[in-house]
Amino acid sequence: MHEVNYYKVYKDGELYCVNNIFLRYQAKHNTLLACDIQDAQYICSPSGEDIWHAKWLNKIPDGAPQYPTMESAEIPEDEYRALMSVSDDGNLSDADIEDDPVLEETPPDDAEAAEQLDFVRQRKIEQMSQLCNDAIVSGVDVELSDGNTHHFSLTLEDQMNLLSLQSMIFAGADAIPYHADGEECRYYSTEDFTKIAEAATYWKMYQESYFNSLRAYIQNIKTMTELLDVTYGMKVPLEYQTDVLRQIMSQMGGI
């Protein structure tokens, strides 16, 4: 069993992608084949769309495809996994790979490691923000007076509808027209509709408060390993939980 090696690749000094895929040229069939690092002449991006050469790899033979030589540096598995967790199939920027001149390969230093940690931190925050929005939109289950639990999605349009329909209650309406996911529109009693609206409000407040606390925790993480362990829905350490989050968790039964 061969050792697996992980690398990060740079373009114009900027971190571009991470990978552990290596290729060699086969002259017989004029093609590139996957191989172990000791036989490699090229590095391939995880998506398979981009190929590079690095000076420390085997020399590309005459007649083989010529690809740009890029900067690269070996990284430990936990750093590779952290970068992959905030990447798009291993790609870390929108830069296009072109026939660039040969770049000098510079080993990482403490300043670079800190910069990379900040990069991963920001991408992780963006990732958690999107998951927060996804959780809000996915909606909430509400048990109503019929004894059944109904699900209500909370897209932006749904949130606006709930808000506007609440005005009917304030105007004295006895029943409010609305519908649960996959159900026909029907009239809900003011008690049931108020329960739906309150559940939706608390669900949104909880997700937003949870994300704010999670972001504070991420901003104080010091290692790649800890960043790698961050997932949406994890328990945020108590010292980073806001008063609002703790209160909502208590009101919602200690989520």
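## A tour from a buried tyrosine

Start by selecting Tyr206: this residue is buried, with a relative accessible area of 9%. Keep in mind as you click around that this is a predicted model.

Trp203 and Tyr206 both sit in helix α4, which covers residues 190–219. They are three residues apart, about one turn of the helix. Trp203 counts as buried too, because its relative accessibility is 19% and the cut-off for buried is under 20%.

Time to zoom out. How many aromatic pairs are there? The count comes to eight. Go back to Trp203 and Tyr206 and look at their rings: the centres are 6.2 Å apart and the planes meet at 35°, so this pair is tilted. If you wonder what to look for in such pairs, two things describe them: the distance of the centres and the angle of the planes.

Next, select Phe152, Tyr178, Tyr188 and Phe193 together. These residues form one aromatic cluster.

**Over to the sheet**

Switch to a cartoon view and find the open sheet made of four strands. Reading across, the order is β4-β3-β5-β6, with antiparallel pairing. Which strands are at the edges? They are β4 (31–34) and β6 (51–52), each of which pairs on one side only.

Now highlight residues 21–26, which are strand β3, along with residues 42–44, which are strand β5. These two run antiparallel and pair over three bridges. For a close-up, click on Leu23 and look across to β5, where its bridge partner is Tyr42. In general, strands of a sheet pair through backbone hydrogen bonds.

**Last stop: cysteines**

Select Cys35 and Cys132. Are they buried or exposed? Cys35 counts as buried at 17% relative accessibility, and Cys132 is buried as well, with a relative accessible area of 7%. How many disulfides does a search of the whole structure find? The search comes back with zero.

Key:
Residues numbered from 1 in each chain as written. Predicted model: local features only at pLDDT ≥ 70, side-chain atom pairs only at ≥ 80, totals over all residues. Heavy atoms only, no water. Disulfide = S-S within 2.5 Å. Buried < 20%, exposed > 50% of the residue type's maximum accessible area, 1.4 Å probe, protein only. Pairing = 2+ DSSP bridges. Phe/Tyr/Trp six-rings, centres within 6.5 Å; stacked < 30°, edge-to-face > 60°.
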